[in-house]
Amino acid sequence: MLNRRSLRIKIMQSLYATERHKEAYHEIARNNIASRFSVDPNSMEEQNKEELQLQKKEALQAFDLIFDNKEIKLSDYPEATQTALTDEQLTFQNEVSAKEDAALRELIEESDRLAASYVKVLFLLVEWRDLIIAEWNKAIGSGKDLGGGFRNLDKNPFINALEENAELIAVRKKNKLNWDTETLQDWFRKIVRKDEEYINYSSKPEPTLEDHLFIINYLFKKIFFKNEIIEGYMEANDLGWTENHGILKSMVVKTIKTFNPDDSSVQVIRLSPNWDEDKEFFIKLYKETVKNSDQLEEIIASRSKNWDVERIAATDLVILKMATAEMMHFPSIPVKVTINEYIEICKLYSTPKSKQYVNGILDVLSTELTKEGLIKKSGRGLLDNK
């Protein structure tokens, strides 16, 4: 399931991608500025190439200073340069703002898609069973001998319980969560039907509840979430599959464990035990990091005397900004929890040396910002805020 660390990772990845887009927009803006001071071959007026080159150089240097959050006095520049800087800075800001808004929407939509994918994966067995029964009936009608391998899924109480769960059915219907029929048939014929465990299950005259639940676990754990053919298909058709594979597997396995043989029911597993709170957490963390990005970078730079902020790896800078924003704007989360979480993220996504200097910078930041009153903890956050 989704936990706070996985949410932090998703935000970190999104912010990192946004930073790369900023660099791309910056380069586009520089090209636009340069074109304003290039010689126009179609102009009927005489053009001073040397003067244009100087104006272009001056305008690009000024724009780079603005991009690096350095202050400039616009009135010190010629009118043409002022116009170029104003226009391109506005366009740049609009592009970045639109990208940041889109990234947040994507984060929210991704969580919705993940919840829908969970339901779709569960109903894979329902559709599989229906296809199997249809093929079995067709074969019987035509007098063909299929040689076994089709029985017992139609009797499986877990599959039947999925069909009777109103919440799962509603999500499936709302999102039109259906599998491609030919793909499911292909998987069954080439993978499942030849599997020894499935052959053993399908050949039992009267499978026990243990047999039914074993094969459900087996089909998901050993086939759907493990087979290379199925994995390749899912990766090609779901951009978030590689990252969400483990989360979906955990949710499906937990659903199987909730099966109650007394009333043939299953429980719907949430993305997290307190999804409403967790969703609020990741939206706020994203917004606070984006909104205060320049301030956070200044805070990090001014308190990292032994580290040059411009030489910090891009991933680490995003991690440091997020961690600082979390320490400053989430009073109920203890400082030690925040630091430990981001060190663990460093281990997974950054350079081998990142853990050491990210830990060092965050230790300094937590101490100094607490003294300055920029970090204030309350409730649970007070427990180890020392």
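Phe-220 touches Val-121, Leu-122, Leu-124, Leu-125, Phe-225, Val-252 and Ile-256, leaving aside residues up to four places away in sequence; contact here means heavy atoms within 4.5 Å. This is a predicted model, in which local features need pLDDT of at least 70 and side-chain atom pairs count only at pLDDT 80 or more, while totals for chains, interfaces and linings use all residues. Residues are numbered from 1 along each chain as its sequence is written, and side-chain values use heavy atoms, with hydrogens and water left out. Here is a tour of the side chains, by topic.

**Nonpolar cores**

- The largest nonpolar core has 93 residues; such a core is a set of buried Ala, Val, Leu, Ile, Met, Phe, Trp, Tyr and Cys residues joined through side-chain atoms within 4.5 Å.
- Phe-220 is among the residues with the most contacts inside this core, together with Tyr-118, Leu-168, Trp-187, Tyr-198, Phe-224 and Leu-362.
- A second, separate core has 13 residues, including Ile-33, Ala-62, Ala-84 and Val-96.
- "Buried" stands for under 20% relative accessible area, "exposed" for over 50% and "partly exposed" for anything in between (1.4 Å probe, protein chains only).

**Aromatic pairs**

- The whole structure contains 18 aromatic pairs. Rings of Phe, Tyr and Trp (its six-membered ring) pair if their centres lie within 6.5 Å; planes under 30 degrees apart count as stacked, over 60 as edge-to-face and the rest as tilted.
- Phe-67 and Phe-92 have ring centres 5.6 Å apart and planes at 75 degrees, so they form an edge-to-face pair.
- This pair links distant parts of the chain, with Phe-67 in helix α2 (residues 49–67) and Phe-92 in helix α3 (residues 79–122), 25 residues apart. Helices (H or I, at least four residues) are DSSP runs, numbered from the N terminus.
- Phe-67 is partly exposed at 26% relative accessibility, whereas Phe-92 is buried at 11%.
- Trp-179 and Phe-224 are edge-to-face too, because their planes stand at 90 degrees, with ring centres 6.0 Å apart.
- Trp-179 lies in the loop between α6 (166–175) and α7 (181–192) and Phe-224 in helix α9 (residues 209–224), so this pair ties together parts 45 residues apart in sequence. Both residues are buried.
- One aromatic cluster takes in Trp-179, Trp-187, Phe-220, Phe-224, Phe-225, Tyr-233 and Trp-241.

**Charges over rings**

- Arg-4 lies over the face of Phe-281, 4.2 Å from the ring centre. A charge sits over a ring if NZ of Lys or CZ of Arg is within 6 Å of the ring centre and within 35 degrees of the ring normal.
- Lys-284 places its charged end over the ring of Phe-330, at 4.8 Å from the centre.

**Salt bridges**

- Side chains of opposite charge can pair when their charged atoms come close.
- There are 22 salt bridges in the structure, each being a side-chain nitrogen of Lys or Arg within 4 Å of a carboxyl oxygen of Asp or Glu.
- Arg-30 and Asp-64 meet at 3.0 Å, N to O. Arg-30 sits in helix α1 (residues 4–36) and Asp-64 in helix α2, 34 residues apart.
- Glu-163 pairs with Arg-129, their closest N and O atoms being 3.0 Å apart. Glu-163 is partly exposed at 33% relative accessibility, while Arg-129 is buried at 7%.
- Lys-204 and Asp-211 form a salt bridge with closest N and O atoms 2.9 Å apart.
- Arg-5, Arg-8, Glu-326 and Glu-341 are linked in a salt-bridge network.

Terms used:
Helix = DSSP H or I, 4+ residues; strand = E, 2+ residues; numbered from the N terminus.
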